[in-house]
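Please look over the chain shown here before reading on. The notes below go from the overall fold to single residues.

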Amino acid sequence: MNQTEPDFWVLEYVTITKDPRTGLVVAIGGTEQAADILQRTGGFLTSPGPRGDYHRLPHGLPIEQQRLKATTASHALLAAGHSVHLDPTLNMLATPDRDRDPALRYLTQLAERASAAETSSAVAEVLTEVAAPVHGLLPLTREVIVRAWTTASDLHGAAPGEEPGPIARLGSTANSLSEAARAILHARNHAARPTQPPVTTPAPGRAQAPVSRRR
């Protein structure tokens, strides 16, 4: 008995993602029906592109609005039988701890590496992860503090130097993190130097016996 492949009602693939260059949420691919769903359920706009029309959300939407509209549109497309890829950063239904758990595992692994290090160079590698100028943990944490400080000041309508005390201290905290990163890098550089073998000296009162020569 010959078996035939079933017909699947899956329409053209649609990708909803955030363009890293412009920051716009765009939807690429799909049929006219998909375009209709994107416009009705997500508020997407049709725009001309170099390879044909594409769909995007309006400029200036807050991030939470972008995520809400992208998630709503993707589920409406799925319900209509379309295949959809939704950028995980736009998915409002994703697990909140999705990114936090790997970060915690990474910190735990660094602590274990520091404890298990058997050479100074291994210690230096751990310190590099903590304080590297661009992607080190401390500089990245400092960036979070600076942005929180700036946003909190704006929300309070405070001019620079006029923030409430607790908010103003965020600025000094950011400076402290910079100083800590520099101190850790200095220690990293010292630990990375090759260790010199200890110099042994004869114990006092124990003169070396002369070597006798046979004639």
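What follows is a short briefing, grouped by topic.

This is a predicted model, in which local features need pLDDT of at least 70 and side-chain atom pairs count only at pLDDT 80 or more, while totals for chains, interfaces and linings use all residues. Residues are numbered from 1 along each chain as its sequence is written, and side-chain values use heavy atoms, with hydrogens and water left out.

**Overall fold**
- The chain has six helices and five strands, which are DSSP runs numbered from the N terminus (helices: H or I, at least four residues; strands: E, at least two).
- Along the sequence, their order is β-β-α-β-β-α-β-α-α-α-α.
- Of the 215 residues in the chain, 24% are buried, meaning under 20% relative accessible area with a 1.4 Å probe, protein chains only.

**Nonpolar cores**
- A nonpolar core is a set of buried Ala, Val, Leu, Ile, Met, Phe, Trp, Tyr and Cys residues joined through side-chain atoms within 4.5 Å.
- The largest one has 15 residues, and Ile16, Val25, Leu38, Phe44 and Leu77 have the most contacts inside it.
- Two or more of its residues come from each of strand E1 (11–18), strand E2 (25–29), helix H1 (32–42), helix H2 (63–79) and strand E5 (82–86).
- A second, separate core of seven residues includes Ala131, Leu138, Ala174 and Ala181.

**Arg188**
- Arg188 is part of helix H6 (residues 165–192).
- Leaving aside neighbours within four places in sequence, Arg188 is in contact with Ala124, Leu127 and Thr128, where contact means heavy atoms within 4.5 Å.

Key
Buried < 20%, exposed > 50% of the residue type's maximum accessible area, 1.4 Å probe, protein only.
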